[in-house]
Amino acid sequence: MLLAKIPGGFFKREGRPSEKETLISRLIDRPLRPSFPKGFMNEVQVILTVMSLNPEVQTDVIAMIGASAALSISDLPFNGPIGGARVGYINDNYVLNPSLSAMDDSKLNLMVAGSKEAILMVESEANELSEEIMLGAVMYGHEQMQSVIDVIQELKDEVGKDQWPVEEIEKDASLVKLVNDLAFDKITSAYQVADKVERQKQLDDIRNHIDSETNDEDSEYDASDIKDEIKAIEKSIVRNRILNGDPRIDGRDTTTVRNIDVEVDILERTHGSALFTRGETQAIVVATLGTERYSQIIDALEGEYKDKFMLHYNFPPYSVGETGFIGSPKRREIGHGKLARRALEAVLPDMATFPYTIRLVSEITESNGSSSMATVCGSSLALMHAGVPIKAPVAGIAMGLVKDGDKYQVLTDILGDEDHLGDMDFKVAGTTEGITALQMDIKIDGITKSIMDDALVHAKTARLHILDKMNAVINKPSDEYSNYAPSIITITVAKDKIRDVIGKGGATIKSLTEITGAQIDINDDGIVTIASVDKSSGLLAKEKIELLTKDVELNTIYEGRVAKIMDFGAFVTILPGKDGLVHISEISKERVESVDKVLTEGQIVKVKVIEIDRQKRIRLSMKAIENEKEEKTIDEG
Amino acid sequence: MSEISKKILLGDQEILIETGKIARQANGSVMITCDGTTILATVAARKEAKPNQSFFPLSVNYQEKTYAAGKDTRRLL
């Protein structure tokens with residue numbers, strides 16, 4: 001049964017956007033943005049409000065279709081409609097828009113958005129699937145979403161408003177000529193400089209030079225137009241060089257991955273650490289292991305749940321030599337963190353049984369393109385260094401594509417400067433076995449299946465190359481967790497023993513915690529998690545719990561402590577919380593006048609269990625052991 | 001503008017798009033419903049672009065209202 005909620009907290013209002021809301025906003029922004037005409041610069045705000053929810057229906061696809069419909073019938077110059085679809089892969093078949101519960105069986109969670117002609121965006125997480133299956137899913141999704149596009153088009157034809165005209169921005173031919181004359185050759189040679197910092201210095205000098213040449217009092221040219229023209233020149237220089245097969249900005253050919261440097265164990269007191277450097281992009285990734293208490297409680301609309309895996313991506317301004325505001329993560333940082341998390345999800349141990357909560361933090365310390373994929377590589381390394389038994393190492397690579405007419409070039413491992421001028425950028429992460437995450441953004445029409453196929457082949461080669469570099473440093477998870485990580489021991493006790501461990505009002509578990517110094521949690525299934533700073537106290541707690549939950553066995557001899565003397569016998573504690581009665585007639589073969597003459601409270605005695613009755617009452621005997629001893633002596637004699 | 005609705009079949013799911021009734025001052029708006037999930041999608045825009053605007057100022061805000069649904073009934077007790 002589902003009921004609506006009232007927000008918690010003091011204000012009882014929805015607060016700032018949750019991570020999920022931010023991610024879905026970003027997911028919808030990506031295909032909408034390229035669907036507006038170039039030069040349209042009016043502020044546009046799309047608000048998508050979930051007002052009623054069946055948790056089985058995944059809202060992202062519905063919201064995307066809603067956004068497309070609202071834009072299509074509006075008077076804005078939207079080149080839609082666009083459609084969206086989620087594709088799952090269940091029992092070797094593609095499934096369109098599976099329900100939330102059906103996703104449990106799916107090896108793939110892929111969102112694709114597109115127009116009638118072109119695929120615009122792909123976002124996905126997969127369980128080590130091949131390039132072929134991934135590409136098939138993209139094509140399947142695009143095919144299936146056509147019905148959405150057709151219906152929105154019908155709606156648009158019936159009720160759509162006239163669209164606002166978009167002014168074609170006419171370039172000032174004299175300005176174009178002036179800037180080209182002043183700067184073309186200089187910019188061309190600046191782009192021969194491989195080092196990013198040096199190149200940017202030269203480009204700044206060129207800009208300043210042009211400014212000083214054109215920017216006098218009575219200049220007829222606008223400074224921002226000049227800037228735009230310089231950018232246009234830069235873009236065309238870089239694109240043409242790529243299409244002509246000339247070396248790239250930093251001197252590489254199209255398929256070479258930048259130089260890779262891998263280190264682990266760089267921060268002594270952390271539980272796992274790695275430094276991953278690829279060219280001018282660098283990430284320090286740190287893994288921290290905590291107990292289940294440190295899992296994140298996600299208060300989702302569909303219901304609250306605990307998340308035992310966290311990945312936080314930080315992009316401090318110093319990484320690109322800038323100053324800036326340090327605050328809560330930006331949309332971009334949340335998006336990059338999520339992508340890296342998706343890439344790793346398939347190789348994590350089963351988190352339901354894995355005792356630790358894992359937090360990964362990626363600090364981008366240098367950046368020139370593809371820091372999210374550096375985060376993937378660094379995370380895989382840090383996890384292995386921390387001793388987390390991941391199924392396989394994961395690496396990621398950012399790719400670009402430049403297309404002009406029938407000519408196209410795929411670019412492996414793109415730089416920051418190559419990021420914005422390509423026609424398609426995509427990121428692929430995976431193991432040697434298959435893809436775990438694929439993200440694509442396509443800005444132009446005419447990217448065919450075979451082009452994408454070609455691009456994915458290049459991405460695979462690069463991924464395998466990076467995995468080799470990583471494996472040369474660490475190729476399997478460390479055998480032991482760090483000494484600074486909490487020790488966690490898990491044991492299972494029978495369900496009917498749970499209350500023995502907890503005790504009356506928690507008395508037993510509390511005293512166990514005090515005696516051993518370990519933190520002990522027990523759940524309804526009888527799974528006991530013992531966490532401690534040092535392993536020995538954890539082991540002590542384990543031993544004590546095992547004793548507590550041990551069953552008393554008939555005909556077994558125990559060493560017990562006399563707990564209480566009675567007229568008719570003595571109660572002896574044989575296991576923690578388990579007392580049995582030695583009747584006066586069972587103390588000795590000889591007649592015992594009075595119990596307190598032979599036994600005292602606190603005395604350690606050997607007793608044998610001679611009966612456990614239906615009410616679980618235990619009868620013990622000391623006499624029986626005497627008898628056994630005698631028989632033994634007789635036998636030996 | 002008169003009220004109008006359209007149905008789309010996507011996989012096993014039927015999606016209903018309705019317009020012309022809600023949020024009529026926005027540049028465009030639809031109510032979109034699928035098996036109990038309803039989202040109001042609206043779009044609004046400024047008539048004039050800011051001078052020297054160098055990038056396309058598009059913002060997308062997806063928001064979930066807690067009144068939409070919840071699981072834990074104890075929250076209302």
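Modeller: In this predicted model, helix H1 (residues 19-32) of chain A and helix H2 (residues 59-73) of chain A have axes that come within 10 Å and cross at roughly 45 degrees. Axes are lines fitted to C-alpha atoms, for helices over the stretch in contact, and angles run from 0 to 180 degrees between N-to-C directions. Helices (H or I, at least four residues) and strands (E, at least two) are DSSP runs, numbered from the N terminus. H1(A) and H2(A) are therefore oblique to each other; under 35 degrees counts as roughly parallel, over 145 as roughly antiparallel, 65 to 115 as roughly perpendicular and the rest as oblique. Their crossing is right-handed, meaning that the near helix is turned clockwise from the far one by less than a right angle.

H1(A) contributes A:Lys20, A:Ile24, A:Leu27, A:Ile28, A:Pro31 and A:Leu32 to the contact. From H2(A) come A:Thr59, A:Asp60, A:Ala63, A:Met64, A:Ala67 and A:Leu71. Contact means heavy atoms within 4.5 Å. By class, 9 residues are nonpolar, 1 is polar and 2 are charged.

The axes of H8 (residues 331-345) of chain A and H9 (residues 371-386) of chain A come within 9 Å and cross at roughly 45 degrees. That makes H8(A) oblique to H9(A). This crossing is right-handed. The contact of H8(A) with H9(A) has 7 nonpolar, 6 polar and 1 charged residues.

Next, the strands. S9 (residues 296-300) and S10 (residues 303-307) of chain A run antiparallel, joined by 5 bridges. Strands pair if DSSP finds at least two bridges between them. A hairpin of 2 residues links S9(A) to S10(A). A:Ala300 stands opposite A:Gly303.

In chain A, 5 strands close into a barrel, in the order S20-S21-S22-S24-S23, with mixed pairing. The twist averages 50 degrees from one strand to the next. S23 (residues 604-612) and S24 (residues 618-621) of chain A pair antiparallel over 4 bridges. A:Val609 has A:Leu620 in S24(A) as its bridge partner.

Some conventions apply. Residues are numbered from 1 along each chain as its sequence is written, and chains are lettered from A and ligands numbered from 1 in the order written. Local features need pLDDT of at least 70, side-chain atom pairs count only at pLDDT 80 or more, and totals for chains, interfaces and linings use all residues, while side-chain values use heavy atoms, leaving out hydrogens and water.

Conventions. Nonpolar A, V, L, I, M, F, W, Y, C, P; charged D, E, K, R; others polar.
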